[in-house]
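Subject: Structure handover and notes

Hello,

Here is the structure I said I would pass on. My notes come after it.

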Amino acid sequence: MKLSENDVKFLEEKLVDRPFRWEELYFEILDHVLCKYESSGLEDVEAFWEKEKSNWGWWEIYKMRVKFHFSTIWQFLKCYFNSLVALKSQDLKINFLFLTLSFLIGINFYQNEAIMTGIIAGLWFVYPTAFQAWIFHQGDTLGEKLKITKNGYTSAKLDANWSLSIFNIVIYQTILTAGKKYFELEGFFSFAYFHPIISISMTFLMLLSARALYNVYHSQLKPFLYEVK
């Protein structure tokens, strides 16, 4: 059965009322619903929607969103740990560059509180925040493609990367806090410049995290509905 323009418009308007919030999720579910209606052979679009709308309630959509957040974090962890054991020429070159830079910083500045605090704070908080601002200002992340609603739809990738940035910040905050308490140091960043080996290690691992954040943004995760039939 060929879909009519009125049928498409009806389903578009009905789906807009669902609590999607994410532009990508809306378009993906719209495509799924249109294909399902077309293959159903039904001619009454309203009757089809009465049965179909229960599949797109708040809880079902919420689970998709949470799963996407965790998928993004999992992708980050895979990128991060893969980079530690990477054997590809390009990865080895980047790791060598990061390690060399970390070594020079750790050896020359580990006793310089101001410089080390600035470097660690920049990699720990400033970079993820600035990277999020950069993502926000990319043309395909503001939800401007969805003209049918004024609900302020946003990008799934942007939203999930906020969770990823917070996850990254909390991990290193935990390391810095635990190190400070263990060595009974003063100052939040004091663990980072307590010893040159620590300074080198912290700088290197944070550079790998920064690269993993960038790689996750440019990766293609599985669609929201890849398990839906």
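Predicted model: local features only at pLDDT ≥ 70, side-chain atom pairs only at ≥ 80, totals over all residues.

Overall

The protein has 8 helices and 0 strands. Along the sequence the pattern reads α-α-α-α-α-α-α-α. Of its 229 residues, 42% count as buried. As for contacts between residues at least 6 apart in sequence, 75% of them join residues at least 24 apart.

Helices α2 and α3

Two packed helices are described by the angle between their axes and the distance between the axes. For helix α2 (residues 23–40) and helix α3 (residues 45–52), the axes come within 11 Å and cross at roughly 125°. Angles of 65 to 115 degrees would count as roughly perpendicular and those over 145 as roughly antiparallel; α2 and α3 are therefore oblique to each other. The crossing of α2 past α3 is right-handed.

On the α2 side, the contact is made by Val 33, Lys 36, Tyr 37 and Ser 40, and on the α3 side by Val 45, Phe 48 and Glu 52. These residues of the α2 and α3 contact divide into 4 nonpolar, 1 polar and 2 charged.

The buried residues in α3 are Val 45, Phe 48, Trp 49 and Glu 52. Viewed down the axis of α3, they fall within an arc of 95°, so they line one face of the helix. The face turned away from this buried side carries the exposed residues Glu 46 and Lys 51. What covers the buried residues of α3 includes α1 and α2.

Asp 7 lies in helix α1 (residues 5–16). Is this residue buried or exposed? Asp 7 has a relative accessible area of 13%, and the cut-off for buried is under 20%, so Asp 7 is buried. Leaving out residues up to four places away in sequence, Asp 7 touches Tyr 37 and Val 45. Those two residues also belong to the contact of α2 with α3, Tyr 37 in α2 and Val 45 in α3.

Phe 20 sits in the loop between α1 and α2. With a relative accessible area of 0%, Phe 20 is buried. Which residues does Phe 20 touch, not counting residues up to four places away in sequence? They are Leu 15, Leu 25, Tyr 26, Ile 29, Ile 61, Arg 65 and Tyr 153. Phe 20 and Trp 56 are 36 residues apart in sequence, and their C-alpha atoms are 8.9 Å apart in space.

Helix α6 (residues 113–136) packs with α7 at an angle of about 175°, and their axes are 10 Å apart. The limit for roughly antiparallel is over 145 degrees, and α6 and α7 are therefore roughly antiparallel to each other. From α6, the contact takes in Ile 120, Trp 124, Phe 125, Pro 128, Gln 132, Ile 135 and Phe 136. From α7, it takes in Leu 158, Asn 161, Trp 162, Ser 165, Asn 168, Ile 169, Tyr 172, Gln 173 and Leu 176. By class, the contact of α6 with α7 has 11 nonpolar, 5 polar and no charged residues.

The axes of helix α7 (residues 156–182) and helix α8 (residues 196–217) come within 11 Å and cross at roughly 170°. That makes α7 roughly antiparallel to α8. The α7 residues in this contact are Lys 157, Asn 161, Leu 164, Asn 168, Tyr 172, Ile 175 and Leu 176. They meet Met 202, Leu 205, Met 206, Ser 209, Leu 213, Val 216 and Tyr 217 in α8. The contact of α7 with α8 has 10 nonpolar, 3 polar and 1 charged residues.

The loop between α7 and α8

Phe 183 is found in the loop between α7 and α8. Phe 183 is partly exposed, with a relative accessible area of 34%. Apart from neighbours within four places in sequence, Phe 183 is in contact with Phe 191, Phe 194 and Ile 198. Phe 183 and Phe 194 are 11 residues apart in sequence and 8.9 Å apart in space, C-alpha to C-alpha.

Glu 184 lies in this loop between α7 and α8 as well. The relative accessible area of Glu 184 is 72%, and the residue is exposed. Most residues other than glycine have a negative phi. Glu 184 has a positive phi of about 55° although it is not a glycine.

Regards

Note on methods
Residues numbered from 1 in each chain as written. Heavy atoms only, no water. Axes fitted to C-alpha atoms, helices over the stretch in contact; angles between N-to-C directions. Helix = DSSP H or I, 4+ residues; strand = E, 2+ residues; numbered from the N terminus. Parallel < 35°, antiparallel > 145°, perpendicular 65-115°, else oblique. Left-handed = near helix turned anticlockwise from the far one by under 90°. Contact = heavy atoms within 4.5 Å. Nonpolar A, V, L, I, M, F, W, Y, C, P; charged D, E, K, R; others polar. Buried < 20%, exposed > 50% of the residue type's maximum accessible area, 1.4 Å probe, protein only. Arc of directions from axis to C-beta.
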